[in-house]
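Trainee: Please take me through how the terms for this structure are decided. I would like each name set against its cut-off.

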Amino acid sequence: MSNNKVIIYPKDDSLLHEAVTQFRQNKNDTLSAFSWGTHPEADVHVYKIEKQTDSASICIRIHQNDFHFFIPFSDDASIHNAITTFTVALYLKINPDIISSRLKEIRPIEMRLELKQGINQCDIINDSYSADLSSLFIAVDFLKQQKHDRKTVIVSDFMQTGSENVYDLMANYFQTHGINRLIGIGKEISAKAKLFNMESYFFDTTDDFLKVIHQFDFSREGILI
């Protein structure tokens with residue numbers, strides 16, 4: 001990123017905003033920042049989001065100009081991606097009407113919050129291609145939307161930089177968002193086992209977990225991987 005000219009990011013993510021600010025100050029003072037979010041000082045101010053069953057209406061303001069667009073999704077991950085797309089396109093000076101018309105036509109892609117039906121009346125959310133806290137929190141919100149009362153998260157070590165308390169934040173988010181069971185895979189998350197105040201199991205490697213997976217009772221629950 002040292003040679004980039006601009007970074008576009010969600011200003012509401014305080015950890016990311018701090019990391020961007022520090023990077024610009026210490027590594028690349030010529031880097032421009034263009035942000036979006038509900039934060040009033042964001043370059044693209046998201047001032048209203050209305051969710052329906054299978055769609056969402058999003059209102060944004062930039063330079064005192066208001067824009068309004070729809071997407072055929074209502075989950076937080078899709079809304080996040082759509083606003084990011086709109087913001088990037090605005091920065092590239094693409095006509096807002098064109099952006100809006102294209103966003104209405106978007107369709108789901110595999111490997112990002114991919115919802116599948118499992119055995120024993122379980123629903124499985126595959127978000128294994130994401131590896132940062134923001135994506136994890138969005139995925140947890142998506143898990144909350146599922147019909148199951150019981151919810152399990154299977155998560156591996158995080159390689160995210162810029163946050164020394166990544167597992168503290170993760171543990172707190174799981175607890176406040178109704179996660180019933182955690183399966184942690186990796187030496188780093190296993191070392192932080194005491195942070196997770198819930199039913200928890202930890203394994204150093206995926207192979208270790210797979211050796212005993214048959215001992216787990218996965219039934220009538222939502223499972224986030």
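Mentor: Happy to! Let's begin with strand pairing: two strands count as paired if DSSP finds at least two bridges between them. The strands themselves are DSSP runs of E with at least two residues, while helices are runs of H or I with at least four, and both are numbered from the N terminus. Ile-125, for instance, stands opposite Leu-224 in β11.

Trainee: What should I know about the model before we go on?

Mentor: This is a predicted model, in which local features need pLDDT of at least 70 and side-chain atom pairs count only at pLDDT 80 or more, while totals for chains, interfaces and linings use all residues. Residues are numbered from 1 along each chain as its sequence is written, and side-chain values use heavy atoms, with hydrogens and water left out.

Trainee: What makes β7 and β11 a pair?

Mentor: Three bridges join them, and at least two are needed, so they pair. The two strands run parallel.

Trainee: In which sense do β6 and β7 pair, and over how many bridges?

Mentor: Strand β6 (residues 114-117) and strand β7 (residues 123-126) are antiparallel, with four bridges. Gln-117 faces Asp-123 of β7. The two strands form a hairpin with five residues between them, and Asn-120 in the turn has a positive phi of about 55 degrees.

Trainee: How do you know that β4 and β5 pair?

Mentor: There are seven bridges between strand β4 (residues 56-62) and strand β5 (residues 65-71), which run antiparallel; with at least two required, they are therefore paired. Ile-58 has Phe-69 in β5 as its bridge partner. Their hairpin has two residues between the strands, and His-63 takes a positive phi near 50 degrees there.

Trainee: How many helices and strands does the protein have?

Mentor: Seven helices and 11 strands.

Trainee: On to charges. Why is the contact of Lys-51 with Asp-76 called a salt bridge?

Mentor: A salt bridge needs a side-chain nitrogen of Lys or Arg within 4 Å of a carboxyl oxygen of Asp or Glu. Lys-51 and Asp-76 meet at 2.5 Å, N to O, so the pair qualifies. It links distant parts of the chain, as Lys-51 is in strand β3 (residues 44-51) and Asp-76 in helix α2 (residues 76-91), 25 residues apart. The structure holds five salt bridges.

Trainee: Is Lys-51 buried, partly exposed or exposed?

Mentor: Buried means under 20% relative accessible area, exposed means over 50%, and partly exposed lies in between (1.4 Å probe, protein chains only). Lys-51 has 43% and is therefore partly exposed. Asp-76, at 24%, is partly exposed too.

Trainee: Which residue does Arg-181 form a salt bridge with, and is Arg-181 buried or exposed?

Mentor: Its partner is Glu-221, with the closest N and O atoms 3.0 Å apart. Arg-181 in strand β9 (residues 181-185) and Glu-221 in strand β11 (residues 221-224) are 40 residues apart. Arg-181 has 3% relative accessibility, so it counts as buried, and Glu-221 is buried at 0%.

Trainee: How do you know that the pair of Asp-66 and Arg-61 is a salt bridge?

Mentor: Their side chains meet at 2.7 Å, N to O, which is within the limit, so the term applies. Asp-66 is partly exposed at 43%, and Arg-61 is partly exposed at 31%.

Trainee: Why does Leu-92 count as exposed?

Mentor: Its relative accessibility is 56%, so it passes the exposed cut-off. Leu-92 is in the loop between α2 and α3 (96-103).

Trainee: What makes a nonpolar core, and how many residues has the largest one?

Mentor: A nonpolar core is a set of buried Ala, Val, Leu, Ile, Met, Phe, Trp, Tyr and Cys residues joined through side-chain atoms within 4.5 Å. The largest has 26 residues, and among those with the most contacts inside it are Leu-136, Met-170 and Leu-224. Elements giving two or more residues are α4 (133-144), β8 (150-156) and α5 (166-176), and α4 gives the largest share, eight residues. A second, separate core has 19 residues, including Ile-62 and Leu-103.

Trainee: And which residues does Met-170 touch?

Mentor: Contact means heavy atoms within 4.5 Å. Not counting residues up to four places away in sequence, Met-170 touches several residues, including Leu-133, Val-155, Ile-189 and Phe-196.
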